[in-house]
Structures are given as structure tokens and as C-alpha cells.
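Dear colleague,

I am handing over a structure that I would like you to look through.

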Amino acid sequence: LTAGAENPGPPGPRPAGAPEPPPLPRGRHRLPFEFVVENQRRRLLTGAARALGEQGYAALTIKHIIATAGVSRTTFYANFDDKRDCIFAAHRDAFERLVALIMRACATEREWPQKVRAAVSASLALMDTEPGVARLITLNALASDTMIARGVVDSNAHLVTLLRDGRRHTPFGPLLPDLAEEGLIGGLLTILGARVLAGEEGTLAELEPEIVWLLLTPYLGLEEARRVARGEDGTAAAPAAPR
Amino acid sequence: MSLSPADPASPPEPPPPGPFTILPTPAPTSLFDGAPDARDRFPREVLDRNHRNRILGGAVAAVAVHGYPDTSVASILAAAGVSRHTFYAQFPDKEACLLAAYDRGLAWLEQEVSAALLGAGDWAGQVRAATVRALSLLASDPALARLLATEILCLGPPGRARRRQLVDRLGLLLGLGRAAAPGSHEPPPTLERALAHGAIAVLDREVAAGRGERLAQLVPDLAEFLLAPYLGHAQARRVAAARPAPRNR
């Protein structure tokens, strides 16, 4: 788990590769200007994610965000117009990381169904280790803002495109109605969002077999989808079998 | 006006009254026979209900234009054509007003959809009939569609609770398909919730893209999406397109 997810105070040592940079040293330093700017922006984005999780969108204030990020109000306004702008950017950032992660995970497998399984596994792991990212990715359930909701729809379109590729690689793919991927992605993100909202982030990985099963069923049929989801397809085993 | 009885695209019965119908009150007989006297001559309940419906309809319209967070009571008043005093006589605040509008709008939709289920045949036929009815009603009122699909989530915990209730109810109808599914393949336990949420996500996208009036065009695809996990693709497509099953030899 990300250290200090509940504690917006001074961040301790972070796991390697974690996106939140350490705070800048106090007082005078010789760090290059660009480094400082990027550091502050990243801390704002991750701080916004954490503050969002703690407060919910409606109750979230810029005061919360800057306290969590450990930057000044001036720095906030140098980066963003307002709360909506900041959350919008944080959401986009989280989604870019998710998509990059999915692409990497897919590259480790050769067959499309296994790529989906790897992508789901990596996505859930990301959401489990970084609750802030989980909240942003499933923002639909948290947002109290129409514009943010629109941004979510746009980002989801990215995942829709990725999944749609399966139409070329699966027996039933070519038969699917046009809106199938939209429905699948929308449905799954909402279910994940409900878990996150209930404070159950950190336990998302256990949903992997079921999610893979749900995602693959339209393309492979119920039985074959279940076999892949349970790791009974002769390739890498999934961590746990549904039921 | 399409009066040709042979046109299958236009159902013979008139569209049902909307969720926020204003009951007619007799027109004033003279220029000065206006609102003040109406209080004496019409039952209090009728006037109250008309006010309430006017406000609810105005609230739905205002939210469709501004989005819930940027909707003010003033914009509801402007859309409804009532005074601030009238508004606050009916609702304590904007949130209560929109929750009431949602509840009324959804109750109306559910009533109409339930009526469409009668005579729709087996489970698959009912899912299709429900899809047809719901989409055509929502297409006739895109502002209401936007409140039901998207804006309700902006109302915080009570809004999310309503979404959960809706998904649970949709899930109940869909879940009956488990018995209709051929073979012994039990679908994933969360299938119904995923399908219900997925269908709402699709509506949300369509309404957001300004295609609310064309929701009815989604009927075959959406019905197929909902039916396929249970029935398989061929059968789901046949039912969704309302084609008769191939005759068994």
C-alpha cells in the first residue's frame, strides 16, 4: 500500500517507481527550475488524488489539495485554474498511466484473451497499490460534476478502443453489437467504483477472475471465457478461481 | 401528423402523459381574471400539484442546460416560470427538488415500462420490450434522460443510493435470464450489475453527445448486448431484431 494514504503529512520513503516525488528540501537549494516545477505539479496531481479520496469531489477544497500536496496556494494557481481543472488534470494523468501500464502488460502475452487477463491484473494491482489512482479512474462514481463526468466518458473511450481490438481475434468478436465495449467498460468501471467508494480499494485484485470472465464472455462465450479467467487455458495461472 | 394506420413505425396509441403533467385549469375569462382568483376557484391540491410539476419540469430542463453543479435555484425558477416564494413553499433546496424530479421521472418510466412487459411473452421478449419502451420514452424527453443517466450521480450519497436501487431492479429483470439460458453454463455472479451499469453508461454517452433524440435507434444493439450472455449471440440477435425463431424441422 502507498505509505501515508490516510496521512497527508510529510511523506515517508516511497516504494521505487511510485509516481509521487519527495518534497523539495527546505530553504535554499540549487535544484534546477524545471525540476522544481515538475516536482510541484506531480505532487499536486497525486495530492489531489489523495484529497479527492478523503473528501469526495463536492466537499473537496483547494485548501485540502494544497495541504495534501504540500505546496502553496500560489503554486496551485500557477498550475491550475480551479478545483475542476486540477481534478481534470489528475484524472487524465491517472488514465495515461493506466493505459501505459495496460500496453506494457499486453506486450507480455501473445494471445488476445491472455492479454486481456494480463491487462486486468496489472490495472487492479495499480488501483490496489495507489488508492488515489483508483479513485480517479473510477471517478464517475465519485464525481459531483458534469464536466468531470464528460472527461471520464472521453477517457473510457480509450479503453473501449483497446478492447475493441478483440473483435479481430475471437470467434464471436465480429458478431458483437456496436456498443458492446462501451457497455462492458462502463459497467466494469462502475462496479469497481462502487468498491472504491465503499472503501474497499486494496482488495480489488480478488475480482480479477470475475472481471476477466465478464470481459471475455462476449468474445469467447461463457465457458471458454471462464477457462481463461481461471487460468485453465494452459498458460499462466490466474491467482484465484471464481467460486 | 402521421395518420396512416398501416405505418408500423407509428404506434396507434398517443404518447403517455409525461411525468410532470400540468393539469388544465380553465383559461381566464377576462384580462383581469388572473392568478389571484385562481386560488379561490380551484382546489388547493390542483394548484399545488401544478406548481410542483412546473417546478420539477423546470428543474429537469435547467439541469439539462447547465449541469447539476452549475444549476441555481434562479435558473430553475426561470425555466419553471414560478416565483422564488412558490419554489421554497414546495422544496427546501435545489437538491431536494432534483431528487423529487428524479423519483417522479423514474416512477413514470418504470410504470410505462412495466405496462410494456405485459404481453411481451417470455423473458427475452420482455427484455426487448422493456428496452424498446424505455428508449423511446427517454428519446422523447432527453432532458429527463440526462437526469436519470448522468446528473443523478452529481447529487452525492442520495443520488448514488438511487443509482444502486435502479441497477438492482434492472438486475432482477435481467437475472431471470439465468433460467432461460440454454445449457448448464452459469454466468458470472456480477453479470447483471455489469450489464445494467453498462447499459446506463451507453445511455449516458449518447445523451452527453447530444444524441438523446435518437436513443430509440440503439434498441437492437442494446437488447442484443443484454441478452447475448444468456442466450448466445445468434439467439440474442434474433430476439433483439424481433425476428421470429427459425422453424424447427
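Predicted model: local features only at pLDDT ≥ 70, side-chain atom pairs only at ≥ 80, totals over all residues.

Residues are numbered from 1 along each chain as its sequence is written, chains are lettered from A and ligands numbered from 1 in the order in which they are written, and side-chain values use heavy atoms, with hydrogens and water left out.

Chain B has 12 helices and 0 strands, where helices (H or I, at least four residues) and strands (E, at least two) are DSSP runs numbered from the N terminus. Of its 249 residues, 47% count as buried, which is to say under 20% relative accessible area, with exposed meaning over 50% and partly exposed in between (1.4 Å probe, protein chains only). Among contacts (heavy atoms within 4.5 Å) in chain B between residues at least 6 apart in sequence, 67% join residues at least 24 apart.

Helix α2 of chain B (residues 44-66) has 23 residues and should therefore span 33 Å at 1.5 Å a residue, which agrees with the 32 Å between its end C-alpha atoms; the expected span is 1.5 Å times one less than the number of residues. The buried residues of α2(B) include B:Asn50, B:Asn53, B:Ile55 and B:Leu56, and just after this helix B:Gly67 takes a positive phi of about 80 degrees. In helix α3 of chain B (residues 73-80), the buried residues are B:Val73, B:Ser75, B:Ile76, B:Leu77 and B:Ala80, and they pack against α2, α4 (84-90) and α5 (94-117) of chain B. After α3(B) comes B:Gly81, whose phi is positive, near 70 degrees.

Turning to the interface, chain B and chain A each contribute 34 residues to the contact. Together they bury about 2900 Å², 65% of it on carbon and sulfur atoms, buried area being the accessible area (1.4 Å probe) that two parts lose on being put together, summed over both. The rule finds 2 salt bridges across this interface, a salt bridge being a side-chain nitrogen of Lys or Arg within 4 Å of a carboxyl oxygen of Asp or Glu. One of them joins B:Arg205 to A:Glu182, with the closest N and O atoms 2.4 Å apart. On the side of chain B that touches chain A, α10 (191-208), α11 (219-231) and α12 (233-240) each supply at least two residues, and the largest share, 10 residues, comes from α10(B).

In chain A, A:Asn156 is found in helix α8 (residues 146-164) and is buried, with a relative accessible area of 9%. Leaving aside residues up to four places away in sequence, A:Asn156 touches A:Phe95, A:Ile185 and A:Leu189.

A:Glu181, in helix α9 of chain A (residues 180-197), counts as buried at 0% relative accessibility. Its side chain makes a polar contact with the side chain of A:Arg167 (2.7 Å); a polar contact is a pair of N or O atoms within 3.5 Å, where within protein one must be able to donate a hydrogen and the other to accept it, and residues adjacent in sequence count only if both atoms are side-chain atoms. Residues up to four places away in sequence not being counted, A:Glu181 also touches A:Val160, A:Leu163, A:Arg164, A:Leu176 and A:Tyr219, among others.

With best regards
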